[in-house]
Amino acid sequence: MSDSALFQYVLGLADDQLVLGHRLSQWIGRAPILEEELALGNIALDLIGQSRSLYQYAGELEGAGRDEDTLAYHRDARGYLNLTLVEQANGDFAKTIARQLFYTAMAVPFWQAMTASKDQRLAGVAAKSEKEAAYHLRHATEWTARLGDGTEESHRRMQAAIYQLWEFTGELFEMNSAEAGMAEAGIVSDRLSLRDIWDRTVNAAMLEATLTRPADSWMAKGGRNGLHGEDLGHMLAEMQSLQRMHPGLSW
Amino acid sequence: MSDRARLPLWEVFIRPRNGLAHRHVGSVHASDAEMALLASRDVYTRRGEGRSIWVAPATAIAASDPDHKAEMFDTADDKTYRQPTDYHVPEEVGDM
């Protein structure tokens, strides 16, 4: 395994957390109630914190002098390696919750497995992230149940969100050959092994919420290769505007 | 009616890290007890304040009537003999 493969991997992982964290932060000032605004803000901060640790590590692995800010603010959408699920626009509250459910149902077993990584840095990030993800999942499943099994309108919106985002769930379990090799070597989590746990978590959540699981059909892919939808470009343009205008600006 | 007004109010009690008793810290709006616990965690324990949370429906709290303040509380004001500082310790006692 080369440092370059591990760099790509850690960068993709960092991008997942940053993009999802930034998406959630876009609810600030717009959340349905004050309590939920703080909840989404807390989750966003957890994810952005995870991304910082990962970007720092990625920068060291690359050894080209790029730090966390350079990696976050000075790459275009084509250079981002996140899953396409996390970049999907917030939509209504139901869509945000569905995105949270699909992602965190994977993140919990993912970080759990990663705590056993032979890479000490990744194991360290995993130990912290595991606890945070467990809370994120609880938040998502509780809301899924209340929206799905709530009013006629909340049920309709939650079910629509599930259908809308389903095609982005296949990518959660994809591994390229470099990643498969690292999984074999005990350095990273085996994503294929997460599928059963994810199915159980998501099925249970949908059952409690009286929601219907969509049939598996065409699944989006390409995020790990920098192929993204239109939404990500708009998000990054906004997120990066200040650093692009004033490179190196700090608080 | 706003979304927030439709949600019941819950009173929140938190046991601090080093404290023995839960203390009232404020209130949250939530659809039910479980959601009230999550909301309380997010609103009131962001800086490591707590180790345990209780929530109770605000409607379940019985409160004393402010109009009865005089008969309830003022009568304690002139009973200084209930305060430890009201007692003089003779010098012969030495350190207690």
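In chain B, B:Phe13 stands opposite B:Trp54 of strand β3(B). The model is predicted; local features need pLDDT of at least 70 and side-chain atom pairs count only at pLDDT 80 or more, while totals for chains, interfaces and linings use all residues. Residues are numbered from 1 along each chain as its sequence is written, and chains are lettered from A and ligands numbered from 1 in the order in which they are written.

Helices (H or I, at least four residues) and strands (E, at least two) are DSSP runs numbered from the N terminus, and two strands pair if DSSP finds at least two bridges between them. Seven bridges join strand β1 (residues 9-16) of chain B to β3(B) in the antiparallel sense. The open sheet of chain B has three strands in the order β2-β1-β3, with antiparallel pairing. Because β2 (23-29) and β3 (50-57) of chain B stand at the edges with a single partner strand each, one side of each is left without a neighbour in the sheet. On average, neighbouring strands of this sheet are turned by 30° against each other, direction ignored. Axes are lines fitted to C-alpha atoms, for helices over the stretch in contact, and angles run from 0 to 180 degrees between N-to-C directions. Helix α2 (residues 33-44) of chain B packs on the sheet and touches β1, β2 and β3 of chain B, its direction making about 135° with that of β3(B).

In chain A, A:Val108 belongs to helix α5 (residues 93-114). Beyond its neighbours within four places in sequence, A:Val108 is in contact (C-beta atoms, placed from the backbone, within 7 Å) with A:Ala133, A:Ala134 and A:Leu137.

Definitions and conventions. Two residues are in contact if their C-beta atoms, placed from the backbone, lie within 7 Å.
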